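Thanks for asking me to look this one over. My comments are below as numbered points, so please keep the model open while you read.

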Amino acid sequence: MTVQTASRFAGIATARVESLLRQERAAYEAARPKSRAMAGESGRHWWNGVPLHWMLDWGTPFPLFVARAEGVTLTDVDGHRYTDFCLGDTGAMFGHSPPAVAEAIRRQAGEGLTAMLPSDDAAEAGRLLAEIFALPFWQMTATASDANRSVLRWARGITGRPKVLVFQGCYHGQVDETSADMGGNGQTVPRPSLVGQILDLESSTVVVEFNDLPALESALAKQDVAVVLAEPALTNCSMVLPAPGFHTALRDLTRRHGTLLAIDETHSVSTALGGYSRAHGLEPDFFVVGKAVAGGLPCGVYGFTAEVAERMAALNRRRPPGHSGMGTTLSGNPLALSALRANLSQVMTHANYQHMLGLAEHLAAQLAFAIQRHGLPWHVVHLGARAEFVFAPKPLSNGSEAMALPHGALEQAVHLFLLNRGLLVTPFHNMLLVSPATTAADVARLVEGFEACLAALAD
Ligand SMILES: Cc1ncc(COP(=O)(O)O)c(C=O)c1O
(Lines give C-alpha, C1' and ligand atoms only; values in the text may rest on other atoms or scores of the structure.)
Protein backbone atom coordinates (compact mmCIF):
# COMPACT_ATOMS: atom_id res chain seq x y z
CA MET A 1 0.00 0.00 0.00
CA THR A 2 1.03 3.64 0.18
CA VAL A 3 4.49 4.23 1.58
CA GLN A 4 4.23 6.27 4.76
CA THR A 5 7.11 7.21 7.01
CA ALA A 6 7.42 9.98 9.56
CA SER A 7 8.93 12.33 7.02
CA ARG A 8 7.24 11.24 3.79
CA PHE A 9 3.74 10.25 2.78
CA ALA A 10 2.71 9.01 -0.66
CA GLY A 11 6.06 10.05 -2.12
CA ILE A 12 5.85 13.62 -0.77
CA ALA A 13 7.91 15.14 2.06
CA THR A 14 5.60 15.88 4.99
CA ALA A 15 7.42 19.15 5.73
CA ARG A 16 6.79 20.27 2.14
CA VAL A 17 3.07 19.53 2.48
CA GLU A 18 2.87 21.48 5.70
CA SER A 19 4.66 24.52 4.32
CA LEU A 20 2.51 24.49 1.17
CA LEU A 21 -0.61 24.23 3.29
CA ARG A 22 0.48 27.23 5.42
CA GLN A 23 1.20 29.25 2.30
CA GLU A 24 -2.14 28.35 0.65
CA ARG A 25 -4.14 29.04 3.81
CA ALA A 26 -2.58 32.49 4.09
CA ALA A 27 -3.33 33.18 0.41
CA TYR A 28 -6.94 32.03 0.84
CA GLU A 29 -7.48 34.28 3.85
CA ALA A 30 -5.90 37.34 2.28
CA ALA A 31 -7.99 37.16 -0.89
CA ARG A 32 -11.45 36.61 0.66
CA PRO A 33 -12.43 39.38 3.08
CA LYS A 34 -16.14 39.12 2.20
CA SER A 35 -16.32 35.37 2.74
CA ARG A 36 -14.56 35.88 6.08
CA ALA A 37 -17.04 38.57 7.11
CA MET A 38 -20.02 36.42 6.05
CA ALA A 39 -18.65 33.47 7.99
CA GLY A 40 -18.56 35.67 11.08
CA GLU A 41 -22.05 37.03 10.48
CA SER A 42 -23.53 33.59 9.71
CA GLY A 43 -21.90 32.21 12.83
CA ARG A 44 -24.23 34.32 14.96
CA HIS A 45 -27.10 31.92 14.24
CA TRP A 46 -25.93 29.09 12.01
CA TRP A 47 -24.00 26.69 14.13
CA ASN A 48 -20.31 27.10 13.17
CA GLY A 49 -21.41 29.54 10.49
CA VAL A 50 -22.93 27.10 8.01
CA PRO A 51 -26.43 25.70 7.41
CA LEU A 52 -25.03 22.13 7.10
CA HIS A 53 -21.95 21.04 9.03
CA TRP A 54 -20.55 19.21 5.95
CA MET A 55 -19.82 22.66 4.48
CA LEU A 56 -16.90 22.89 6.92
CA ASP A 57 -15.20 19.88 5.36
CA TRP A 58 -13.45 21.83 2.59
CA GLY A 59 -10.35 22.41 4.68
CA THR A 60 -10.47 26.16 4.03
CA PRO A 61 -9.73 28.48 6.97
CA PHE A 62 -13.36 29.70 6.72
CA PRO A 63 -16.13 28.67 4.31
CA LEU A 64 -16.22 29.98 0.78
CA PHE A 65 -19.51 31.86 0.29
CA VAL A 66 -21.08 31.48 -3.13
CA ALA A 67 -22.60 34.41 -5.00
CA ARG A 68 -23.59 32.48 -8.11
CA ALA A 69 -23.08 29.19 -9.91
CA GLU A 70 -23.90 28.55 -13.55
CA GLY A 71 -22.66 25.77 -15.79
CA VAL A 72 -19.24 24.99 -14.31
CA THR A 73 -18.48 28.54 -13.25
CA LEU A 74 -18.88 29.32 -9.60
CA THR A 75 -18.35 32.91 -8.40
CA ASP A 76 -17.69 33.64 -4.75
CA VAL A 77 -18.81 36.74 -2.85
CA ASP A 78 -15.34 38.26 -3.27
CA GLY A 79 -15.70 38.05 -7.04
CA HIS A 80 -13.31 35.12 -7.64
CA ARG A 81 -14.37 32.74 -10.37
CA TYR A 82 -13.79 28.98 -10.16
CA THR A 83 -14.13 26.14 -12.63
CA ASP A 84 -16.10 23.63 -10.64
CA PHE A 85 -15.08 19.97 -10.83
CA CYS A 86 -16.80 19.17 -7.49
CA LEU A 87 -20.23 20.12 -8.78
CA GLY A 88 -21.94 19.94 -5.41
CA ASP A 89 -20.44 16.49 -4.72
CA THR A 90 -22.40 15.17 -7.77
CA GLY A 91 -25.69 17.05 -7.11
CA ALA A 92 -24.79 19.37 -9.97
CA MET A 93 -23.19 16.62 -12.09
CA PHE A 94 -24.91 18.04 -15.16
CA GLY A 95 -23.74 21.57 -14.44
CA HIS A 96 -25.16 24.27 -12.17
CA SER A 97 -28.66 25.39 -13.10
CA PRO A 98 -28.88 23.58 -16.47
CA PRO A 99 -30.92 26.03 -18.61
CA ALA A 100 -33.75 23.54 -19.32
CA VAL A 101 -34.13 22.74 -15.61
CA ALA A 102 -33.92 26.40 -14.57
CA GLU A 103 -36.62 27.25 -17.13
CA ALA A 104 -38.90 24.43 -15.94
CA ILE A 105 -38.50 25.56 -12.33
CA ARG A 106 -39.21 29.18 -13.28
CA ARG A 107 -42.37 28.09 -15.10
CA GLN A 108 -43.59 25.88 -12.27
CA ALA A 109 -42.66 28.34 -9.51
CA GLY A 110 -45.75 30.44 -10.16
CA GLU A 111 -48.05 27.47 -10.67
CA GLY A 112 -47.86 25.65 -7.35
CA LEU A 113 -44.99 24.27 -5.33
CA THR A 114 -46.61 21.47 -3.41
CA ALA A 115 -50.11 20.00 -3.35
CA MET A 116 -49.91 16.35 -2.23
CA LEU A 117 -51.27 15.53 -5.66
CA PRO A 118 -49.53 14.49 -8.88
CA SER A 119 -48.95 17.32 -11.35
CA ASP A 120 -49.27 17.27 -15.13
CA ASP A 121 -45.53 16.43 -15.40
CA ALA A 122 -45.96 13.14 -13.57
CA ALA A 123 -46.85 10.80 -16.43
CA GLU A 124 -44.06 12.01 -18.70
CA ALA A 125 -41.43 12.00 -15.91
CA GLY A 126 -42.41 8.41 -15.10
CA ARG A 127 -42.21 7.39 -18.74
CA LEU A 128 -38.74 8.93 -19.02
CA LEU A 129 -37.50 7.14 -15.88
CA ALA A 130 -38.72 3.81 -17.27
CA GLU A 131 -37.16 4.49 -20.66
CA ILE A 132 -33.78 5.68 -19.39
CA PHE A 133 -33.27 3.26 -16.51
CA ALA A 134 -35.13 0.26 -17.97
CA LEU A 135 -37.38 -0.49 -14.98
CA PRO A 136 -41.17 -0.28 -15.25
CA PHE A 137 -42.30 1.16 -11.89
CA TRP A 138 -41.12 4.14 -9.83
CA GLN A 139 -41.63 6.11 -6.65
CA MET A 140 -40.31 9.53 -5.77
CA THR A 141 -38.67 10.78 -2.58
CA ALA A 142 -37.03 14.00 -1.46
CA THR A 143 -33.48 12.61 -1.33
CA ALA A 144 -31.50 9.52 -2.25
CA SER A 145 -31.22 8.72 1.47
CA ASP A 146 -35.01 8.58 1.64
CA ALA A 147 -35.16 6.37 -1.44
CA ASN A 148 -32.67 3.93 0.08
CA ARG A 149 -34.59 3.82 3.35
CA SER A 150 -37.80 3.04 1.44
CA VAL A 151 -36.11 0.30 -0.56
CA LEU A 152 -34.85 -1.37 2.61
CA ARG A 153 -38.31 -1.26 4.13
CA TRP A 154 -40.00 -2.71 1.04
CA ALA A 155 -37.35 -5.39 0.71
CA ARG A 156 -37.77 -6.50 4.32
CA GLY A 157 -41.54 -6.31 3.95
CA ILE A 158 -41.82 -8.45 0.85
CA THR A 159 -39.20 -11.04 1.74
CA GLY A 160 -40.01 -11.27 5.45
CA ARG A 161 -36.26 -11.25 6.14
CA PRO A 162 -34.64 -8.81 8.55
CA LYS A 163 -31.25 -7.90 7.11
CA VAL A 164 -29.53 -5.75 4.52
CA LEU A 165 -26.09 -6.66 3.22
CA VAL A 166 -23.79 -3.78 2.36
CA PHE A 167 -20.13 -3.55 1.42
CA GLN A 168 -17.40 -2.29 3.70
CA GLY A 169 -16.72 1.38 3.00
CA CYS A 170 -20.15 1.97 1.49
CA TYR A 171 -22.17 5.13 1.84
CA HIS A 172 -25.87 5.22 1.01
CA GLY A 173 -26.82 8.46 2.74
CA GLN A 174 -28.48 9.05 6.09
CA VAL A 175 -29.58 5.44 6.47
CA ASP A 176 -28.93 3.93 9.90
CA GLU A 177 -28.77 0.31 8.76
CA THR A 178 -26.04 1.03 6.21
CA SER A 179 -23.79 3.10 8.48
CA ALA A 180 -22.00 -0.04 9.55
CA ASP A 181 -18.54 -1.55 9.39
CA MET A 182 -17.13 -5.05 9.58
CA GLY A 183 -16.14 -5.91 13.13
CA GLY A 184 -14.00 -8.90 14.03
CA ASN A 185 -15.34 -12.46 13.67
CA GLY A 186 -17.99 -11.57 11.11
CA GLN A 187 -19.65 -9.08 13.43
CA THR A 188 -21.25 -5.82 12.37
CA VAL A 189 -20.34 -2.66 14.25
CA PRO A 190 -21.57 0.92 13.97
CA ARG A 191 -19.20 3.44 12.41
CA PRO A 192 -17.31 4.97 15.31
CA SER A 193 -18.02 8.50 14.08
CA LEU A 194 -21.83 8.16 14.21
CA VAL A 195 -23.71 10.50 16.52
CA GLY A 196 -26.52 9.22 18.74
CA GLN A 197 -26.36 5.71 17.32
CA ILE A 198 -28.64 3.23 19.10
CA LEU A 199 -29.80 0.75 16.45
CA ASP A 200 -28.64 -2.82 16.95
CA LEU A 201 -26.80 -3.13 13.65
CA GLU A 202 -25.93 -6.74 14.38
CA SER A 203 -29.60 -7.64 13.88
CA SER A 204 -30.16 -5.39 10.83
CA THR A 205 -26.96 -5.46 8.79
CA VAL A 206 -24.29 -7.71 7.35
CA VAL A 207 -21.10 -6.15 5.99
CA VAL A 208 -18.65 -7.87 3.69
CA GLU A 209 -15.76 -6.63 1.58
CA PHE A 210 -16.53 -5.46 -1.94
CA ASN A 211 -15.21 -7.94 -4.51
CA ASP A 212 -15.12 -10.76 -1.93
CA LEU A 213 -17.41 -13.40 -3.47
CA PRO A 214 -16.75 -16.22 -0.96
CA ALA A 215 -17.69 -13.89 1.94
CA LEU A 216 -20.78 -12.75 0.05
CA GLU A 217 -21.84 -16.30 -0.66
CA SER A 218 -21.47 -17.47 2.93
CA ALA A 219 -23.40 -14.42 4.22
CA LEU A 220 -26.27 -14.98 1.77
CA ALA A 221 -26.39 -18.71 2.49
CA LYS A 222 -27.81 -17.92 5.94
CA GLN A 223 -30.97 -16.83 4.08
CA ASP A 224 -31.73 -13.95 6.42
CA VAL A 225 -30.69 -11.16 4.03
CA ALA A 226 -33.65 -9.39 2.42
CA VAL A 227 -31.57 -7.25 0.08
CA VAL A 228 -28.05 -6.47 -0.99
CA LEU A 229 -27.74 -2.69 -1.31
CA ALA A 230 -24.74 -1.88 -3.46
CA GLU A 231 -23.20 0.79 -5.56
CA PRO A 232 -21.85 -0.72 -8.79
CA ALA A 233 -18.44 0.61 -7.69
CA LEU A 234 -17.64 1.98 -4.27
CA THR A 235 -17.52 5.73 -4.77
CA ASN A 236 -17.47 7.19 -1.30
CA CYS A 237 -14.09 6.08 0.05
CA SER A 238 -11.80 6.50 -2.97
CA MET A 239 -13.26 4.65 -5.90
CA VAL A 240 -13.09 0.87 -5.90
CA LEU A 241 -14.12 -0.73 -9.18
CA PRO A 242 -15.75 -4.15 -9.41
CA ALA A 243 -13.44 -7.02 -10.32
CA PRO A 244 -14.29 -8.74 -13.62
CA GLY A 245 -17.26 -11.06 -13.08
CA PHE A 246 -18.18 -9.56 -9.69
CA HIS A 247 -21.57 -8.24 -10.73
CA THR A 248 -22.57 -11.39 -12.60
CA ALA A 249 -21.75 -13.44 -9.52
CA LEU A 250 -23.53 -10.96 -7.23
CA ARG A 251 -26.69 -11.25 -9.32
CA ASP A 252 -26.46 -15.07 -9.48
CA LEU A 253 -25.89 -15.41 -5.75
CA THR A 254 -28.70 -13.06 -4.76
CA ARG A 255 -31.13 -14.94 -7.03
CA ARG A 256 -29.97 -18.31 -5.75
CA HIS A 257 -30.53 -17.30 -2.12
CA GLY A 258 -33.83 -15.43 -2.54
CA THR A 259 -32.22 -12.07 -1.77
CA LEU A 260 -33.21 -8.94 -3.65
CA LEU A 261 -30.61 -6.76 -5.32
CA ALA A 262 -30.82 -2.97 -4.95
CA ILE A 263 -28.35 -0.93 -6.97
CA ASP A 264 -27.76 2.61 -5.75
CA GLU A 265 -26.64 4.73 -8.71
CA THR A 266 -26.74 8.09 -6.97
CA HIS A 267 -23.07 8.61 -7.88
CA SER A 268 -22.44 6.01 -10.57
CA VAL A 269 -25.06 7.51 -12.86
CA SER A 270 -21.91 9.28 -14.09
CA THR A 271 -21.05 6.02 -15.91
CA ALA A 272 -23.38 6.31 -18.88
CA LEU A 273 -26.94 7.18 -19.85
CA GLY A 274 -29.06 4.83 -17.72
CA GLY A 275 -26.21 4.38 -15.24
CA TYR A 276 -23.75 1.55 -14.76
CA SER A 277 -26.64 -0.93 -14.47
CA ARG A 278 -27.84 -0.36 -17.97
CA ALA A 279 -24.36 -0.07 -19.47
CA HIS A 280 -23.33 -3.38 -17.89
CA GLY A 281 -26.66 -5.26 -17.78
CA LEU A 282 -26.88 -5.61 -13.97
CA GLU A 283 -30.63 -6.46 -13.77
CA PRO A 284 -31.35 -5.03 -10.29
CA ASP A 285 -34.67 -5.63 -8.50
CA PHE A 286 -34.55 -2.09 -7.10
CA PHE A 287 -32.67 0.88 -8.51
CA VAL A 288 -31.99 4.15 -6.68
CA VAL A 289 -30.84 7.48 -8.00
CA GLY A 290 -30.93 10.93 -6.45
CA LYS A 291 -28.94 14.13 -6.21
CA ALA A 292 -28.37 15.00 -9.90
CA VAL A 293 -31.48 13.27 -11.26
CA ALA A 294 -33.57 16.46 -11.11
CA GLY A 295 -30.64 18.71 -12.05
CA GLY A 296 -29.77 19.49 -8.42
CA LEU A 297 -33.22 20.19 -7.01
CA PRO A 298 -33.90 17.91 -4.01
CA CYS A 299 -35.24 14.67 -5.46
CA GLY A 300 -34.67 10.94 -5.20
CA VAL A 301 -36.37 8.13 -7.09
CA TYR A 302 -36.45 4.37 -6.81
CA GLY A 303 -37.49 1.98 -9.51
CA PHE A 304 -38.38 -1.71 -9.38
CA THR A 305 -39.30 -4.65 -11.55
CA ALA A 306 -42.84 -5.83 -12.33
CA GLU A 307 -42.26 -8.86 -10.11
CA VAL A 308 -41.25 -6.68 -7.16
CA ALA A 309 -44.26 -4.43 -7.83
CA GLU A 310 -46.56 -7.46 -7.59
CA ARG A 311 -45.00 -8.50 -4.30
CA MET A 312 -45.37 -4.93 -2.99
CA ALA A 313 -49.05 -4.95 -3.99
CA ALA A 314 -49.58 -8.30 -2.25
CA LEU A 315 -47.98 -6.89 0.90
CA ASN A 316 -50.22 -3.84 0.72
CA ARG A 317 -53.28 -6.08 0.52
CA ARG A 318 -52.16 -7.94 3.65
CA ARG A 319 -51.23 -5.02 5.87
CA PRO A 320 -53.72 -2.93 7.82
CA PRO A 321 -54.31 0.69 6.80
CA GLY A 322 -52.05 3.28 8.46
CA HIS A 323 -48.51 4.59 8.24
CA SER A 324 -46.27 2.66 5.88
CA GLY A 325 -43.10 4.09 7.40
CA MET A 326 -42.13 5.56 4.02
CA GLY A 327 -42.61 8.92 2.36
CA THR A 328 -42.31 12.57 3.35
CA THR A 329 -44.90 15.28 2.70
CA LEU A 330 -42.97 17.22 0.06
CA SER A 331 -41.86 14.17 -1.97
CA GLY A 332 -43.11 14.19 -5.55
CA ASN A 333 -44.05 17.86 -5.39
CA PRO A 334 -44.78 19.69 -8.66
CA LEU A 335 -41.57 21.72 -8.54
CA ALA A 336 -39.37 18.63 -8.20
CA LEU A 337 -41.42 16.82 -10.85
CA SER A 338 -40.96 19.67 -13.32
CA ALA A 339 -37.20 19.69 -12.70
CA LEU A 340 -37.04 15.89 -12.95
CA ARG A 341 -38.90 15.87 -16.26
CA ALA A 342 -36.75 18.65 -17.73
CA ASN A 343 -33.51 17.04 -16.58
CA LEU A 344 -34.40 13.58 -17.87
CA SER A 345 -35.65 14.83 -21.22
CA GLN A 346 -33.23 17.64 -22.02
CA VAL A 347 -30.11 17.30 -19.91
CA MET A 348 -29.45 13.58 -19.37
CA THR A 349 -29.18 13.05 -23.09
CA HIS A 350 -27.03 10.76 -25.16
CA ALA A 351 -25.21 13.74 -26.67
CA ASN A 352 -24.40 15.23 -23.26
CA TYR A 353 -23.10 11.90 -21.96
CA GLN A 354 -20.93 11.51 -25.07
CA HIS A 355 -19.35 14.88 -24.31
CA MET A 356 -18.89 14.12 -20.59
CA LEU A 357 -17.43 10.66 -21.10
CA GLY A 358 -14.97 11.67 -23.82
CA LEU A 359 -13.65 14.64 -21.88
CA ALA A 360 -13.42 12.73 -18.59
CA GLU A 361 -11.40 10.01 -20.26
CA HIS A 362 -9.00 12.63 -21.56
CA LEU A 363 -8.82 14.22 -18.09
CA ALA A 364 -8.06 10.87 -16.43
CA ALA A 365 -5.30 10.14 -18.95
CA GLN A 366 -3.72 13.57 -18.50
CA LEU A 367 -3.75 13.29 -14.69
CA ALA A 368 -2.20 9.83 -14.86
CA PHE A 369 0.46 11.17 -17.20
CA ALA A 370 1.29 14.03 -14.80
CA ILE A 371 1.57 11.59 -11.88
CA GLN A 372 3.86 9.36 -13.91
CA ARG A 373 6.00 12.29 -15.01
CA HIS A 374 6.54 13.27 -11.37
CA GLY A 375 7.31 9.67 -10.42
CA LEU A 376 4.67 9.57 -7.69
CA PRO A 377 3.17 6.36 -6.23
CA TRP A 378 -0.36 7.55 -7.02
CA HIS A 379 -2.90 6.39 -9.58
CA VAL A 380 -6.04 7.62 -11.31
CA VAL A 381 -9.35 5.76 -11.27
CA HIS A 382 -12.10 6.63 -13.69
CA LEU A 383 -15.82 5.82 -14.02
CA GLY A 384 -17.56 7.52 -16.92
CA ALA A 385 -17.73 11.26 -16.32
CA ARG A 386 -15.82 10.98 -13.06
CA ALA A 387 -12.09 10.73 -12.41
CA GLU A 388 -10.24 10.55 -9.13
CA PHE A 389 -6.55 10.67 -8.19
CA VAL A 390 -5.68 8.32 -5.35
CA PHE A 391 -2.62 8.44 -3.07
CA ALA A 392 -1.84 4.75 -3.58
CA PRO A 393 0.25 3.10 -6.27
CA LYS A 394 -2.32 0.57 -7.52
CA PRO A 395 -6.09 0.35 -7.97
CA LEU A 396 -7.84 -0.55 -4.71
CA SER A 397 -9.77 -3.79 -4.46
CA ASN A 398 -11.99 -3.22 -1.44
CA GLY A 399 -13.34 -0.75 1.08
CA SER A 400 -10.86 -1.58 3.84
CA GLU A 401 -7.97 -0.68 1.58
CA ALA A 402 -9.74 2.53 0.62
CA MET A 403 -10.64 3.44 4.21
CA ALA A 404 -7.02 2.94 5.28
CA LEU A 405 -5.89 5.79 3.04
CA PRO A 406 -5.46 8.94 5.11
CA HIS A 407 -7.34 12.06 4.01
CA GLY A 408 -5.18 14.54 5.81
CA ALA A 409 -2.80 17.35 5.06
CA LEU A 410 -1.73 16.22 1.57
CA GLU A 411 -5.31 16.12 0.29
CA GLN A 412 -6.02 19.51 1.84
CA ALA A 413 -2.86 21.06 0.42
CA VAL A 414 -3.69 19.88 -3.11
CA HIS A 415 -7.31 21.03 -2.87
CA LEU A 416 -6.41 24.44 -1.45
CA PHE A 417 -3.64 24.96 -3.99
CA LEU A 418 -6.13 24.29 -6.78
CA LEU A 419 -8.92 26.32 -5.17
CA ASN A 420 -6.61 29.34 -4.88
CA ARG A 421 -6.04 28.99 -8.63
CA GLY A 422 -9.72 28.88 -9.49
CA LEU A 423 -10.25 25.10 -9.58
CA LEU A 424 -12.68 23.30 -7.26
CA VAL A 425 -12.11 19.67 -6.30
CA THR A 426 -14.48 17.66 -4.07
CA PRO A 427 -13.46 18.04 -0.43
CA PHE A 428 -14.16 14.52 0.88
CA HIS A 429 -12.11 12.78 -1.77
CA ASN A 430 -10.22 13.71 -4.92
CA MET A 431 -13.23 13.44 -7.18
CA LEU A 432 -13.38 15.41 -10.42
CA LEU A 433 -16.57 15.51 -12.44
CA VAL A 434 -16.96 16.50 -16.06
CA SER A 435 -20.37 17.98 -16.91
CA PRO A 436 -22.01 18.85 -20.22
CA ALA A 437 -20.87 22.43 -19.58
CA THR A 438 -17.19 21.53 -18.99
CA THR A 439 -14.94 22.42 -21.91
CA ALA A 440 -11.60 21.07 -23.13
CA ALA A 441 -10.07 24.38 -22.01
CA ASP A 442 -11.44 23.81 -18.47
CA VAL A 443 -9.83 20.38 -18.40
CA ALA A 444 -6.53 21.78 -19.72
CA ARG A 445 -6.58 24.41 -16.94
CA LEU A 446 -7.15 21.74 -14.32
CA VAL A 447 -4.32 19.57 -15.64
CA GLU A 448 -2.03 22.62 -15.68
CA GLY A 449 -3.00 23.45 -12.06
CA PHE A 450 -2.45 19.84 -11.00
CA GLU A 451 1.01 19.83 -12.65
CA ALA A 452 1.90 23.09 -10.90
CA CYS A 453 0.78 21.59 -7.58
CA LEU A 454 2.93 18.49 -8.07
CA ALA A 455 5.89 20.73 -8.88
CA ALA A 456 5.23 22.77 -5.72
CA LEU A 457 5.16 19.56 -3.67
CA ALA A 458 8.46 18.26 -5.06
CA ASP A 459 11.53 18.40 -2.81
C1 LIG B 1 -24.22 6.26 -3.27
C2 LIG B 1 -25.02 7.26 -2.50
N3 LIG B 1 -26.28 6.98 -2.18
C4 LIG B 1 -27.05 7.85 -1.50
C5 LIG B 1 -26.54 9.07 -1.09
C6 LIG B 1 -27.40 10.00 -0.32
O7 LIG B 1 -27.74 11.13 -1.06
P8 LIG B 1 -28.47 12.32 -0.31
O9 LIG B 1 -27.45 12.93 0.60
O10 LIG B 1 -28.86 13.26 -1.40
O11 LIG B 1 -29.62 11.76 0.41
C12 LIG B 1 -25.23 9.39 -1.40
C13 LIG B 1 -24.65 10.68 -0.99
O14 LIG B 1 -23.51 10.97 -1.21
C15 LIG B 1 -24.44 8.47 -2.12
O16 LIG B 1 -23.17 8.72 -2.43
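1. To start at one end of the model: in which helix is Leu457 found? Leu457 is found in helix α15, residues 440-457; here helices (H or I, at least four residues) and strands (E, at least two) are DSSP runs, numbered from the N terminus. Leu457 is buried, with a relative accessible area of 1%, where buried means under 20% relative accessible area, exposed over 50% and partly exposed in between, using a 1.4 Å probe and protein chains only. From Leu457 to Arg107 there are 350 residues in sequence and 50 Å in space, C-alpha to C-alpha.

2. A word on the basis of these comments. This is a predicted model, in which local features need pLDDT of at least 70 and side-chain atom pairs count only at pLDDT 80 or more, while totals for chains, interfaces and linings use all residues. Residues are numbered from 1 along each chain as its sequence is written, and side-chain values use heavy atoms, with hydrogens and water left out.

3. Strand β12 deserves a look. Five of the five residues of β12 (residues 260-264) are buried, so the strand is largely enclosed by the rest of the structure. Both of its faces are covered: Leu260, Ala262 and Asp264 are buried on one side, and Leu261 and Ile263 on the other.

4. What lies beside β12? Strand β11 (residues 225-230) pairs with β12 in the parallel sense over four bridges, pairing being called when DSSP finds at least two bridges between two strands. Val228 stands opposite Leu261 of β12. The chain gets from β11 to β12 through helix α8 (residues 246-256), and this β-α-β crossover is right-handed; that is, with the strands pointing away from the viewer, the path from the first strand over the helix to the second runs clockwise.

5. Strand β13 (residues 286-289) also pairs with β12, in the parallel sense and over three bridges. Here Ile263 has Phe287 of β13 as its bridge partner. Together, β12, helix α9 (residues 275-280) and β13 make a right-handed β-α-β unit.

6. Now the ligand. Of the 13 residues around it, Ser145, Asn236, Asp264, His267 and Lys291 come nearest, a residue being near if one of its heavy atoms lies within 4 Å. Helix α5 (residues 144-159) gives the largest share of this shell, three residues. By class, the shell has two nonpolar, eight polar and three charged residues; Ala, Val, Leu, Ile, Met, Phe, Trp, Tyr, Cys and Pro count as nonpolar, Asp, Glu, Lys and Arg as charged, and the others, Gly among them, as polar.

7. Which atoms meet the ligand? A polar side-chain atom of Asp264 lies 2.6 Å from a ligand nitrogen, and an N or O atom in the side chain of Lys291 is 2.8 Å from a ligand oxygen. A backbone N or O atom of Ala144 lies 3.5 Å from an oxygen atom of the ligand. The protein covers 90% of the 390 Å² of accessible area that the ligand has on its own, by the Shrake-Rupley method with a 1.4 Å probe.

8. Ser179, in the loop between β7 (163-167) and β8 (180-182), is buried at 12% relative accessible area, and its side chain reaches the backbone oxygen of Val175 at 3.2 Å. Gln108, in helix α3 (residues 99-109), is buried at 8%, and a polar atom of its side chain lies 3.0 Å from the backbone oxygen of Gly112.

Technical notes. A polar contact is a pair of N or O atoms within 3.5 Å; within protein, one must be able to donate a hydrogen and the other to accept it, and residues adjacent in sequence count only if both atoms are side-chain atoms.
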